[in-house]
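I opened this notebook to record what I looked up in one structure. The entries follow in the order of my reading.

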Amino acid sequence: MAQKKPRGSRKGARNQNPSQSESQLATDPAGGVGATPVVVGMGASAGGIEALQKFFDAAPRDSGLAFAVVLHLAPDQSSALAQVLARHTAMPVREVRE
């Protein structure tokens, strides 16, 4: 019976165990050159604002994550979500508009 080659023994195979610097690069909160941004998408209706407030009250400022929050609103309704969430986190909050 033919023996299987151990993983990673193929010529040109990717390293299965990234170095510490590669691991840190993926979660670098400073977003340095080559850092892989991690974006967490969250959505809610107007009834979910309290849950979002509680989430951001507990979320650490330096997690290295970016949060994209989408609120379901009527097309003609304005939103104060950015101002509301800014009171519940030390992270910078920016509103995106069309």
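I looked up the largest pocket and found a volume of about 1,100 Å³. A pocket here is an open set of points on a 1 Å grid over the protein atoms alone, where a 1.4 Å probe fits, with protein on both sides within 12 Å along at least five of seven lines; lining residues have an atom within 4 Å of a point. The volume is the space filled by probe spheres set on the points, which are joined across faces, edges and corners. Among the 32 lining residues, F67, V69, R94, E95 and V96 are the closest to the centre. β2 (65-72) and α3 each give two or more residues to this lining, and β2 supplies the largest share, seven residues. Helices (H or I, at least four residues) and strands (E, at least two) are DSSP runs, numbered from the N terminus.

I note that the model is predicted: local features need pLDDT of at least 70, side-chain atom pairs count only at pLDDT 80 or more, and totals for chains, interfaces and linings use all residues. Residues are numbered from 1 along each chain as its sequence is written, and side-chain values use heavy atoms, with hydrogens and water left out.

I located L81 in helix α3 (residues 81-86). Its relative accessibility is 10%, so L81 counts as buried (under 20% relative accessible area, 1.4 Å probe, protein chains only). Beyond its neighbours within four places in sequence, L81 is in contact (heavy atoms within 4.5 Å) with I49, L52, V69 and L71.

Key. Buried means under 20% relative accessible area, exposed over 50%, partly exposed in between (1.4 Å probe, protein chains only).
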